[in-house]
Amino acid sequence: MSDYQYIITEEEGPVGIVWLNRPKVLNALNRAMVREILQAFEAYGQDDRIRVILIAGKGKAFAAGADIDEMAEEDSVSLELLNQFADWDRIGQIKKPIIGSVHGYCLGGGFELALLCDLLFAANDAKFAFPEINLAVMPGAGGTQRLTKLLGKTKALEWIWSGDMISAEEAFSSGIVNKLYPAEAIFEEALKFAKKLAEKPPLAVRLIKEAVNKAVDYPLQEGMYFERKNFYLLFSSQDQKEGMKAFMEKRKPDFKGY
Ligand code: CAA
């Protein structure tokens, strides 16, 4: 259990679960809530017992965006002074795998939070959109950048300009969602996958995340160089010795995370 106001954390073995918990406002993300998400992620990042982080929403939605009530009276100077998106940037630096379990609305800042996840599992009822255009603003927590890297310019512009609701099916066929499940099964299926991933050697999981993320930003040759360094690095780990020894001894490996 935890002392957070807007989220709930719980652990299922090696999986650290973060529940968005403002169901009355469809988990609209105010600044304090984003700070709590970051704190929970960073705490799990430091916790050796936790190998995978899972995030989901309580109630009818994953998250219907940034809290409009909180934002409405801001101006450019106040947002700059608040450094509004610094916590979001730090969420993007978490080294452990983050899995998103999305049902219901996943809009605006909620969609941006989902795009910060490494893998996304969605319920058939999930609806994705960037409705900021209808408020005469635009995504500000990475939406224009991350969506474009995933979908390409043409689709990203269509989705962000229109603000239209994108069905779970379309999100899946566009490649931003890994798997679709019925709403009643989504969380358990995401948890099942998280537990499976938690059995993999954690250092390899972490260095793979780092290398794949580099592929998004780096030219191929630099990415290859980065991959190779991580590949070599893993050969200094106890888990590499254990993994290969266990293979040769025909037994299940016991990975320690170092
Ligand atoms: N901020 C604040 N409150 C929100 C909210 C949000 N993003 N989304 C929903 N709520 C609140 C509603 O005001 C309502 O509160 P009350 O009961 O006190 O009136 C409650 O949640 C339930 O919502 P609705 O009654 O509107 O539910 P609905 O089923 O009729 O409609 C909806 C659902 C289509 C998602 C609608 O709530 C909606 O359009 N929400 C706003 C979506 C949006 O524009 N998100 C983008 C925000 S901007 C952003 O995210 C910027 C960024 O990049 C960081």
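I started with strand S7 (residues 127-129), which pairs with S8 in the antiparallel sense over two bridges. For my own reference, strands are DSSP runs of E, at least two residues, and helices are runs of H or I, at least four, numbered from the N terminus. Two strands pair if DSSP finds at least two bridges between them. Phe 128 stands opposite Ile 166 in S8.

Before going on, I noted that this is a predicted model, where local features need pLDDT of at least 70, side-chain atom pairs count only at pLDDT 80 or more, and totals for chains, interfaces and linings use all residues. Residues are numbered from 1 along each chain as its sequence is written, and side-chain values use heavy atoms, with hydrogens and water left out.

Next, the sheet. I found an open one of three strands in the order S5-S7-S8, with mixed pairing. S5 and strand S8 (166-167) are its edge strands, each pairing on one side only.

Then I turned to the ligand. I counted 20 residues around it, and the closest are Ala 66, Ile 68, Gly 109, Glu 112 and Glu 132; near means a heavy atom within 4 Å. Helix H2 (68-71), strand S5 (105-107) and helix H5 (109-115) each give the shell at least two residues.

Last, I checked polar contacts (N or O pairs within 3.5 Å). A ligand oxygen is 2.8 Å from a side-chain N or O atom of Glu 112. Another entry puts a ligand nitrogen 3.0 Å from a polar backbone atom of Ala 64.

Key: A polar contact is a pair of N or O atoms within 3.5 Å; within protein, one must be able to donate a hydrogen and the other to accept it, and residues adjacent in sequence count only if both atoms are side-chain atoms.
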